[in-house]
Amino acid sequence: MSSALAAEQDSLPLRQVLPVALAAMGVVFGDIGTSPLYTMKEVFNGPHAVPVTPNNVLGILSLVFWAITIVVSLKYVVYIMRADNRGEGGIMALTSLALRTTQSPRLAGAMSAVGLFGAALFYGDGVITPAISVLSAVEGLEVATPAFKPFVIPSALVVLVLLFFIQSKGTARVGAVFGPVMLFWFATLGGLGIWNILRHPAVLEAVNPAYALFFFVQNKGLGFLALGAVVLAITGGEALYADMGHFGRRPIKLAWFGFVFPALYLNYLGQGALILDDPSAVKNPFYLMAPEPLLYPMVGLATLATIIASQAVISGAFSLTKQAVQLGYSPRIHIVHTSEKEVGQIYVPNVNWLLLGAVIALVIGFKSSSALASAYGIAVTLTMMIDTLLAFMVVRSLWHWRLGTAVVFVAVFFTVDFAFFSANSVKILDGGWFPLAMGLVVHTLLMTWKRGRAALTERMQVDTMPLDLFIQSMAYDPPHRVEGTGVFMTTNPDGVPRSLLHNMLHNKVLHERVVLVNVITEDIPYVPASECIRVEALAHGFYRVFLRYGFKDDPDIPAALARCAPHGLPFALMDSSFFLGRENLIPSNGSVLSLWRLRLFIVMFRNAHSAADFFCIPANRVVEFGTQIEL
């Protein structure tokens, strides 16, 4: 969604925005919407369990309210959602905006590395969210009767395996029911909350921040550690910003403030009221809120809600992978489009199966949602800290806030983020190491590819013949020309592609039209079709074509070339040949990369998806030339 479309959407009447808000409810709020399943339970049963007293219950409810208000409502919905990259949100978009605020290569490199690490942490979240959500939902069977306890883990694994297996089918049909199901889910959360609040209306006083302050004074160190469980109530809050490009700012705001936030907090208040009425209910306050006849339907509804929440995270991992490929942080990878109408609906097989393997390992290794809660939160809070730092650069340099105002902005939100991160840091040895380790691995891979590609490009340019000299030589010693069009992909539009030189060396001919295609990926989500193509006609039948794409666009070279006729370049696919280079990299002692990074890059390079498939070039129109390069 572009900024223009977002502005147009903001001016629409309410009746036209409501259907979009309903659709957003089925995607954006799945993660945070399933947090009531385990948040209160972990506060009073986790490794740093808070004693069950009336003051502590009210203190925790106050902390939950103000955590959601400050972090989700104020930070993300009110402020950071304004930082859109042509309508797109998420940490990649925020990093791109922050990079525009500086001309310093060092500062830009640091911000890029930090933002990329935040994006890498998302994959850790993409593993933990399905595991903890589905496990916590299925554990409701154990509440119904202890006889179901041996079947909790097998049942959760079956649900998760089925969830990942249906990814290849696409989410278009299932997605149509996501919104109404989550609407019913949030209505149920609010209804159960109200039902229990009526038994103990005093819990409504918890919105007073004095209860949160008194909780810290009374519990001191334990009160601080309790933030490690309270943070579970805001996990998924960053998804509101990340999914802004799909639905727009106004529908998300409307759904959040008008329905989701009230329903969520009513449920937390209801759980608090139940605990005050019956302290033994802390073993699983969410399911014990429901009347006994509704317990099994609640398990089914919760399982469906957690599947939807997991689906949103998995789809987010697919989208993030595609963006990383487009921006040059990842090798080309096989991406399947699961919808003929929606370009954003994609399936990435390699990522899907890696996530499934990690999720299965987590469920079998941790065995319960309570144990998984120890691993949950640290990656989310670290990502939120990174968002705050990048947002400071945006509000200061792009929005031109006064320094004092910008400092207050970053101080308030960073203090809250750091408090949650510090409280979660004690979880590192109990499982918090997993999302951090996964984030570090992904970050290392992404940075290795980026640095390796830069080193390879620099190495190839050293031996590249200038294009203008090559074209001038055509007048003195013209090769034999044949009919048709020869298309050569190049990363250096001012140099002669190696595949072109190899073609002349081996075949001794040149096509009557030679097209050098240079693909440029911009740091914006989409490039309008009218701005995508630029054609330069050179001498002796040579053409230089520049194709611009956004990081969410799908590069299609034949389709783009077919639109070049108005620019003076006629193109017929069946009368054209695409010449691609296939480089064989050999490690050398003089490499700018360290040995371990060089070897890792070579492995990634050899396993990259073919350029022909990535650029949608028909296999029967492709000619490849191999070359050996010392890197």
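**Contacts, strands and rings in a predicted model**

Q: Which residue has the backbone oxygen that the side chain of Arg606 reaches at 3.4 Å?
A: In this predicted model, the side chain of Arg606 gets to a backbone oxygen at 3.4 Å. The oxygen belongs to Leu585.

Q: What pLDDT do local features need here?
A: Numbering starts from 1 along each chain as its sequence is written, and side-chain values use heavy atoms, with hydrogens and water left out. In this predicted model, totals for chains, interfaces and linings use all residues and side-chain atom pairs count only at pLDDT 80 or more, while local features need a pLDDT of at least 70.

Q: How far apart in space are Arg606 and Leu585, C-alpha to C-alpha?
A: Arg606 lies in helix α27 (residues 595-606); helices are DSSP runs of H or I of at least four residues, strands are E runs of at least two, and both are numbered from the N terminus. Not counting residues up to four places away in sequence, Arg606 touches Asn584 and Leu585, contact being heavy atoms within 4.5 Å. Arg606 and Leu585 are 21 residues apart in sequence, and their C-alpha separation is 8.5 Å.

Q: Is Arg606 buried or exposed?
A: Buried means under 20% relative accessible area, exposed over 50%, and partly exposed in between, with a 1.4 Å probe and protein chains only. Arg606 has a relative accessible area of 54%, so it counts as exposed.

Q: Is Ser499 buried or exposed?
A: Ser499 is in helix α25 (residues 498-507). Leaving aside neighbours within four places in sequence, Ser499 is in contact with Phe488, Phe579, Leu580, Gly581 and Phe625. Its relative accessibility is 5%, so Ser499 is buried.

Q: Which strands stand at the edges of the open sheet, each with a single partner strand?
A: Six strands make up the open sheet with mixed pairing, in the order β5-β6-β4-β3-β7-β8; two strands pair if DSSP finds at least two bridges between them. An edge strand has a single partner, so one of its sides has no neighbour in the sheet, and that goes for β5 (533-537) and β8 (622-630).

Q: In which sense do β5 and β6 pair?
A: Four residues separate β5 from β6 in a hairpin, and His540 in the turn has a positive phi of about 60 degrees. Ala537 has Tyr543 in β6 as its bridge partner. Over five bridges, the sense of the β5 and β6 pairing is antiparallel.

Q: In which sense do β4 and β6 pair?
A: On this side of β6, Val515 stands opposite Tyr543, and Asn518 has Phe546 as its bridge partner. Strand β4 (residues 509-521) and strand β6 (residues 542-549) share eight bridges, and their sense is parallel.

Q: Are the rings of Phe318 and Tyr347 stacked or edge-to-face?
A: Rings of Phe, Tyr and Trp (its six-membered ring) pair if their centres lie within 6.5 Å; planes under 30 degrees apart are stacked, over 60 edge-to-face, and the rest tilted. Phe318 in helix α18 (residues 295-326) and Tyr347 in strand β2 (residues 346-347) are 29 residues apart, and both are buried. Their centres are 5.9 Å apart and their planes sit at 85 degrees, so the pair is edge-to-face.

Q: What kind of pair do the rings of Trp399 and Trp401 form?
A: Trp399 is partly exposed at 24% relative accessible area, whereas Trp401 counts as buried at 17%. Their ring centres are 5.9 Å apart and their planes at 50 degrees, so the pair is tilted.

How values were computed: Polar contact = N/O pair within 3.5 Å; in protein donor to acceptor, adjacent residues only side chain to side chain.
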